[in-house]
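Q: I would like to learn how to read a protein model. Where do we start?

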Amino acid sequence: MRYMSREVTCVFIGAFALLLLCAVERLSEGQAAYESFLVAITGPWSTLGLSIVWIFAVHNAISWFNVTPKALPVQIGEGFLPGRFIVAAHYAAWILISLAVLFFAGVL
Amino acid sequence: MNERMVHLEVLRYDPQVDGEPHFQRYEVPCKEEWVVLDALNAIKESIDPTLNYRWSCHMAVCGSCGMMINGEPRLSCHAFLRDFEGVIRVEPLANFPIERDLVTVADDFIDKLKRVKPYLIPGENKPIAEGEYTQTPAQLMKYRHFSMCINCMLCYAACPQYALQPLFLGPAAITLAHRYNLDSRDGGREERQQVIATNEGVWECSFVGACSEVCPKAVDPAGALQQVKVASTLDWFREHLLPGNAK
């Protein structure tokens with residue numbers, strides 16, 4: 001069940017990636033095209049859809065962060081760094097990168 | 001010593017007689033401290049000597065007595081009867097052909113095990129006079145937990161990817177390859193990578209994680225496979241992006 005819930009998030013992440021590609025494509029067509037695209041994805045249904053995608057994206061990130069100690073063990077001498085530190089490092093990087101994105105987007 | 005009647009539903013199949021497998025129910029007087037294997041032994045000794053199953057050590061070391069117990073891959077010597085309620089259903093390991101009753105055909109696993117060369121391949125052949133290949137405790141700890149595999153095949157019975165794609169090398173074989181790749185005394189990684197860093201190798205794994213959940217020795221095959229994926233990806237980047245590394 002945990003696996004299925006993690007895997008199903010890829011459908012929503014994939015949908016958002018397509019939306020992002022559309023945005024890049026419209027951006028390449030010029031400012032007017034991009035602004036009409038922004039208008040097209042503005043509205044209650046778009047907000048609802050993007051909110052759902054955001055929830056699944058967060059679930060995807062959390063479920064993968066929680067399994068990173070398996071894939072990226074850190075050996076220190078004869079022992080291993082406890083997994084919670086590796087998970088915490090991912091959360092810290094996530095927060096820092098999100099803040100950087102918000103900063104460069106002019107939100108902060 | 002407490003004793004109670006335990007009901008077991010055991011899958012029976014004799015390919016020379018039966019058209020298809022069927023369940024047979026046994027009522028066995030069992031002691032409180034018994035495991036499922038003890039109940040099977042009691043059936044064989046006192047009720048039905050025709051029942052077939054594999055076992056050897058009775059202490060979760062040999063890996064012979066793996067079977068599906070109430071639908072979960074378990075070592076029958078490690079599954080205490082007191083932990084079950086009602087009828088206990090015992091079947092041969094899933095994802096393997098049945099040879100007879102609870103005995104499965106393990107040829108596929110054995111073949112895959114051979115293909116990953118699960119033994120030390122020294123990088124340099126030094127003369128015996130120069131002494132043994134030494135290793136520090138830190139170098140040992142790098143792979144030690146992966147070396148605990150007892151080849152019980154429970155991980156194959158639990159793996160949905162192996163069930164869907166029998167060509168998949170599977171958790172235990174890739175984990176053992178990884179165990180030797182991590183060994184400081186080994187130089188055979190390149191040979192093993194040709195087998196494990198393939199579509200039928202580690203890339204068939206979708207990280208369900210069931211292999212690690214059923215592993216009776218806490219080997220964590222799922223972790224080993226993800227580490228192989230990371231290492232193989234780095235290989236790819238090294239080969240394609242760094243100058244002078246293209247093959």
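This is a predicted model: local features need pLDDT of at least 70, side-chain atom pairs count only at pLDDT 80 or more; totals for chains, interfaces and linings use all residues.

Q: How are two packed helices described?
A: Two packed helices are described by the angle between their axes and by the distance between those axes. In chain A, the axes of helix α1 (residues 2-28) and helix α2 (residues 31-40) come within 6 Å and cross at roughly 145 degrees.

Q: Which residues of α1(A) and α2(A) meet?
A: An α-helix has 3.6 residues a turn, so residues three or four places apart point the same way. From α1(A) come C22(A), A23(A), R26(A) and L27(A), and from α2(A) come A33(A), Y34(A) and F37(A). Sorted by class, this contact has six nonpolar residues, no polar ones and one charged.

Q: What is the order of the strands in the sheet of chain B?
A: The order is β2-β1-β5-β3-β4 in chain B, an open sheet of five strands with mixed pairing. The edge strands are β2 (22-31) and β4 of chain B, each of which pairs on one side only. From one strand to the next, the twist averages 35 degrees.

Q: In which sense do β1(B) and β2(B) pair, and over how many bridges?
A: Strand β1 (residues 3-12) of chain B pairs with β2(B) in the antiparallel sense, over ten bridges. To find one place in the sheet, look for R4(B), which stands opposite C30(B) in β2(B).

Q: Which helix packs on this sheet?
A: Helix α1 (residues 36-47) of chain B does, and it touches β1, β2, β3 and β5 (88-91) of chain B. The direction of this helix makes about 100 degrees with that of β2(B).

Q: How is chain B divided into domains?
A: The domain assignment gives domain 1 (3-104) and domain 2 (107-241) for chain B. Taken over C-alpha atoms, the centres of these two domains are separated by 30 Å. Their contact takes 13 residues from domain 1 of chain B and twelve residues from domain 2 of chain B.

Q: Which elements of domain 1 of chain B give two or more residues to the side that touches domain 2 of chain B?
A: They are β3 (66-69) and β4 (72-75) of chain B. β4(B) gives the most, with three residues. By class, this side has eight nonpolar residues, four polar and one charged.

Q: How is chain A divided?
A: Its domain assignment gives domain 1 (1-71) and domain 2 (72-108). The C-alpha centres of these domains of chain A lie 21 Å apart. Six residues from domain 1 of chain A and eight residues from domain 2 of chain A make up the contact.

Q: How many residues does each chain give where chain A and chain B touch?
A: Chain B gives twelve residues and chain A gives seven residues. On the side of chain B, the elements that give two or more residues are α3 (137-141) and α9 (221-241) of chain B. α9(B) gives the most, with five residues.

Q: Why does the span of α9(B) agree with its number of residues?
A: At 1.5 Å a residue, the 21 residues of α9(B) should span 30 Å, and its end C-alpha atoms are 30 Å apart.

Q: Which residues of α9(B) are buried, and what covers them?
A: The buried ones are P221(B), A222(B), G223(B), A224(B), L225(B), Q226(B), Q227(B) and V228(B). Their cover includes α3 (44-71) of chain A, together with α4 (154-158), α6 (171-181), α7 (189-196) and α8 (210-214) of chain B.

Note on methods
Residues are numbered from 1 along each chain as its sequence is written. Chains are lettered from A and ligands numbered from 1 in the order in which they are written. Two residues are in contact if their C-beta atoms, placed from the backbone, lie within 7 Å. Helices (H or I, at least four residues) and strands (E, at least two) are DSSP runs, numbered from the N terminus. The expected span of a helix is 1.5 Å times one less than its number of residues. A residue is buried if 20 or more other C-beta atoms lie within 10 Å of its own, exposed if 12 or fewer, and partly exposed in between; C-beta atoms are placed from the backbone. Domain bounds come from an automatic or database domain assignment. Ala, Val, Leu, Ile, Met, Phe, Trp, Tyr, Cys and Pro count as nonpolar, Asp, Glu, Lys and Arg as charged, and the others, Gly among them, as polar. Axes are lines fitted to C-alpha atoms, for helices over the stretch in contact, and angles run from 0 to 180 degrees between N-to-C directions. Two strands pair if DSSP finds at least two bridges between them.
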